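Take a look at this model with its confidence in mind.

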Amino acid sequence: MVRRLPHSCLRRPCHLRRRPPPRSGWGLPRRRRPGGRVKTATHTARPDKHDFDTLTGNTWSVHGGNHADETTGAIRTPIVMANSYRLPEDPSDIDDPGYRGLVYTREHGANQRGLEEKLAKLDHGEAAAVFGTGMAALHAAFFTTLNPGDHAIVSNVVYMRVAGLFTDVFPKKLGIEVDFVDVTHLEQVHAAVRPTTKLVHTEVIANPDLRVADVSALAGIAHDAGAMLTVDSTFTPPPMMRPLDHGANLVMHSLTKYYNGHGDAMGGVIIGNRDLVEETRTGAMWHAGGAISPFNAWLIMRGSTTLPLRLQRQCENARAVAEFLDADPRVVHVSYPGLPSHDQHDAAVAQLSGGFGGVVSFAIGGTHTDRLSFVNNLRVITSAVSLGHDETLVAYEEYPEGPAEAFAQPFRDHGLVRLAIGLEAAEDLIADLDASLTFAYRPR
Ligand SMILES: Cc1ncc(COP(=O)(O)O)c(C=O)c1O
């Protein structure tokens, strides 16, 4: 059967068709210039309008590291999916320490560089090195600052894979000696110092029990001992906290969390003074790999634009949820740095600005089965690891990983439920928690 085309599909031969007027860059018809010439677009390179000294951190979150594309005039840095960049006429130029060109994406790419520019200044650092995951960044920082035979003092509550690096990997493979101490008791940190101590490492708000470290005090102890202080500030990104301003030598973030904020990309960063950061790049990233993909760098760049707004909402939501749980008789214990009952509430008030973070940890009674029932009957909140996403996540551990004695008694007895609060309406989160507590236990 021959299908007949509708009338509108019958097109005039090309040379008889009336051409539409040319469009300008704004989608408007372009006016012909006298003489019939159409003006072609030129993009003048304007002077860099981003002078950080005159911008607040929030403005830098929007503009930092973004470079308009000279070729197309696109106002956002495009995703540069290239493994390699054109070499200079004399390739040996790339060995010059001052060489600023890009060469190979494991060592530096266009999207990675823009993100580094943004993140360094947000945390008041001179330079940043971005990695493929938070763990790649943390590993690179420790690998750079420690040598065989050195001693490290590490907080006894840190992200479990960091604890794993210091219990298994570094002592066994590199002969590094480690003491895990409760960094909220400064006398224990003092007592752990040895002549060979080269590193003190902590999180500002610790994963998962949310104890708060006094960063300035730890910096004092580390520096008096001739050691460096490295701080994982994943739970407290700027503008909440800037550990470099409190004396830390390097700050690290898992960019997978608040910076990206949408649960769809992984990344990590090290920020500090230029020499030290470049040492982590050339020593650990170049040799061990661990570079971020251009696409993930671009996603994190986009996510970080709204970081201050998201963080503000997450802190507000977290506080409302923490207050609800704290007043609930079905809940045994709540840890949230914003509650006056938190052991280090004063340290949190002194160091943090704009809120106390988006994570709330708590313990509920009953049996392991009751607690699973509570978690699995939540309807708005999703059971998954990670944090800092747009949606609220819950992670329940019957036995929180780490030295058992490190955790407060309620977490040892009842396990730990970690809520990583998102951007939903606080009342919906509270209603979800209330309904699931009622399902698993009893009405309030
Ligand atoms: C405090 C903290 N640091 C580092 C990491 C590791 O980051 P990534 O998962 O991006 O490797 C995590 C992951 O949960 C974390 O919670």
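This is a predicted model: local features need pLDDT of at least 70, side-chain atom pairs count only at pLDDT 80 or more; totals for chains, interfaces and linings use all residues.

What covers the buried residues of α2 includes α1 (57-63), β1 (127-131), β7 (268-272) and α8 (294-304).

The protein chain has a mean pLDDT of 90, with 88% of its residues at 70 or more. Residues 1-17 are another matter: pLDDT stays under 50 there. For that stretch the model has two contacts beyond four places in sequence. Residues 20-30 also have a pLDDT below 50. Beyond near neighbours in sequence, residues 20-30 make ten contacts in the model.

Back to α2, which runs over residues 110-122. Its length can be checked against its residue count. At 1.5 Å a residue, the 13 residues of α2 should span 18 Å. Among the buried residues are A110, N111 and Q112. The buried set also includes charged side chains: E116, E117, K118 and K121. Just after α2, H124 takes a positive phi of about 60°.

Now the ligand. Which residues come nearest to it? Of the 13 residues around the ligand, they are T133, G134, M135, S254 and T256. Helix α3, residues 134-145, gives the most to this shell, with three residues. By type, the shell around the ligand divides into seven polar, four nonpolar and two charged residues.

Note on methods:
Residues are numbered from 1 along each chain as its sequence is written. A residue is near a molecule or strand if its C-beta atom, placed from the backbone, lies within 6 Å of it. Helices (H or I, at least four residues) and strands (E, at least two) are DSSP runs, numbered from the N terminus. The expected span of a helix is 1.5 Å times one less than its number of residues. A residue is buried if 20 or more other C-beta atoms lie within 10 Å of its own, exposed if 12 or fewer, and partly exposed in between; C-beta atoms are placed from the backbone. Two residues are in contact if their C-beta atoms, placed from the backbone, lie within 7 Å. pLDDT is the predictor's confidence in each residue, from 0 to 100.
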